[in-house]
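Here is a short walk through one protein model. Take a look at the sequence and the structure before reading on.

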Amino acid sequence: MQQDVRPESMKRIETKELADAFIAEQIDLIKKQVGDKKVLLALSGGVDSSVVAALLIKAIGKNLVCVHVNHGLLRKGEPEQVIKVFKEQMNANLIYVDAVDRFLDKLAGVDDPETKRKIIGKEFIDVFAEEAKKIDGIAFLAQGTIYPDILESHGIKAHHNVGGLPEDLNFELVEPVKLLFKDEVRVVGKALGLPDEMVFRQPFPGPGLGVRCVGAITRDRLEAVRESDAILREEFAKCGLASKVWQFFTVVPDMKSVGIKDGKRAVEWAVVLRAVNTKDAMTATVEQIPYDILFKIRDRILAEVKGVNRVLFDITPKPTGTIEWE
């Protein structure tokens with residue numbers, strides 16, 4: 001459990017009753033802060049931004065403008081889930097931006113991990129700023145900042161925030177979950193009626209699948225990451241590992257090996273499976289996956305994912321390896 005060093009008067013949110021009380025309190029505070037003005041939110045579909053969106057929808061309804069940017073580096077089905085949950089079920093004022101080509105064109109040929117991150121971050125801010133300038137009456141910017149972000153980086157949430165917005169977009173911040181730890185945010189999310197697959201979503205890097213398509217990102221290899229990741233998640237859910245393993249995903253490095261498909265020589269990609277457990281992400285151990293489950297995942301990936309002829313299992317702990325590959 002993380003050390004709680006917040007004000008003594010604040011109780012940890014561990015039950016629905018406490019979550020309901022927190023929600024009621026925040027709705028009142030949001031209404032007092034915002035009034036009848038509009039609030040802008042970059043809605044990634046992650047736990048924190050989704051909970052903030054649901055809270056603000058309850059507080060100010062259509063005066064919340066959510067912008068969901070699809071940069072092509074999200075997991076399979078995630079953009080569709082954001083639209084279904086927020087636009088169709090919650091009737092949110094949601095702007096969907098298909099920026100896939102824009103991002104992937106900028107990333108073409110770039111193999112340095114840090115340069116990739118910078119391109120993705122800058123392009124996201126540019127796209128978000130362009131959308132913000134199209135909307136009249138925005139006075140506030142909502143962010144999914146949570147308490148560890150404040151402790152670790154003085155309030156800057158690197159993978160969801162848009163702190164690099166141009167100076168002419170000088171919004172006042174709305175941060176309703178900034179005093180909550182991640183587990184508390186999940187309890188609030190459940191109380192708000194968000195689906196489990198969104199509330200209990202695994203940690204996901206800011207650059208998304210861009211750091212799991214190791215090296216220069218190509219569309220075919222990116223699709224191999226997305227499809228193999230979906231298979232891994234489906235099979236872990238079926239066998240009960242999804243709730244047991246802290247983080248699991250696939251990686252497709254920029255390398256090919258010779259194999260045989262349909263009786264012919266095939267030079268194709270390798271998919272690497274990663275499944276780790278950790279308490280604080282500073283160290284991590286590898287989950288021991290039964291061979292029958294590994295073989296089922298292997299068989300599905302080889303049969304269903306185009307351009308792949310090998311499946312590997314990464315058994316490296318942290319240290320020496322990091323959790324992600326880039």
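Which residue follows α7, and is its phi positive or negative? The residue is G193, and its phi is positive, near 90°. Keep that spot in mind; the text returns to α7 below.

Start with the whole. This is a predicted model. The protein holds 10 helices and 10 strands. Its radius of gyration is 21 Å, close to the 20 Å that the globule rule gives for 326 residues, so the protein is as compact as a globular protein of that length. The C-alpha trace spans about 70 × 40 × 35 Å along its principal axes.

Of the 326 residues, 53% are buried. The accessible surface comes to about 16,000 Å². Carbon and sulfur atoms hold 53% of that surface. Charge comes next. There are 47 positive and 50 negative side chains. The centres of the two sets lie 3 Å apart.

Now go back to α7. This helix covers residues 182–191. Its buried residues are E184, V185, R186, V188, G189 and A191. What lies over them? The cover includes α1 (16–34), α2 (47–60) and α8 (196–199).

Move on to helix α10, residues 291–304, where I297 has its place. Is I297 buried or exposed? It is buried, because its relative accessible area is 0%, and a residue counts as buried under 20%. Leave aside residues up to four places away in sequence, and I297 touches I231, L232, E235, F236 and L273. Q89 is another matter. I297 and Q89 are 208 residues apart along the chain, and their C-alpha atoms are separated by 33 Å.

Last stop: strand β8, residues 264–277, which contains N277. Which residues does N277 touch, not counting those up to four places away in sequence? They are K244, V245, W246, T283, A284, T285 and E287. With E287 there is also a polar contact, side chain to side chain, at 2.6 Å. N277 and R201 are 76 residues apart in sequence and 15 Å apart in space, C-alpha to C-alpha.

Conventions:
Residues numbered from 1 in each chain as written. Predicted model: local features only at pLDDT ≥ 70, side-chain atom pairs only at ≥ 80, totals over all residues. Heavy atoms only, no water. Helix = DSSP H or I, 4+ residues; strand = E, 2+ residues; numbered from the N terminus. Rg over C-alpha atoms; globule rule 2.2 N^0.38 Å. Buried < 20%, exposed > 50% of the residue type's maximum accessible area, 1.4 Å probe, protein only. Areas by Shrake-Rupley, 256 points an atom, 1.4 Å probe, with all protein chains shown as cover. Lys, Arg positive; Asp, Glu negative; His and termini not counted. Charge placed at Lys NZ, Arg CZ, Asp CG, Glu CD. Contact = heavy atoms within 4.5 Å. Polar contact = N/O pair within 3.5 Å; in protein donor to acceptor, adjacent residues only side chain to side chain.
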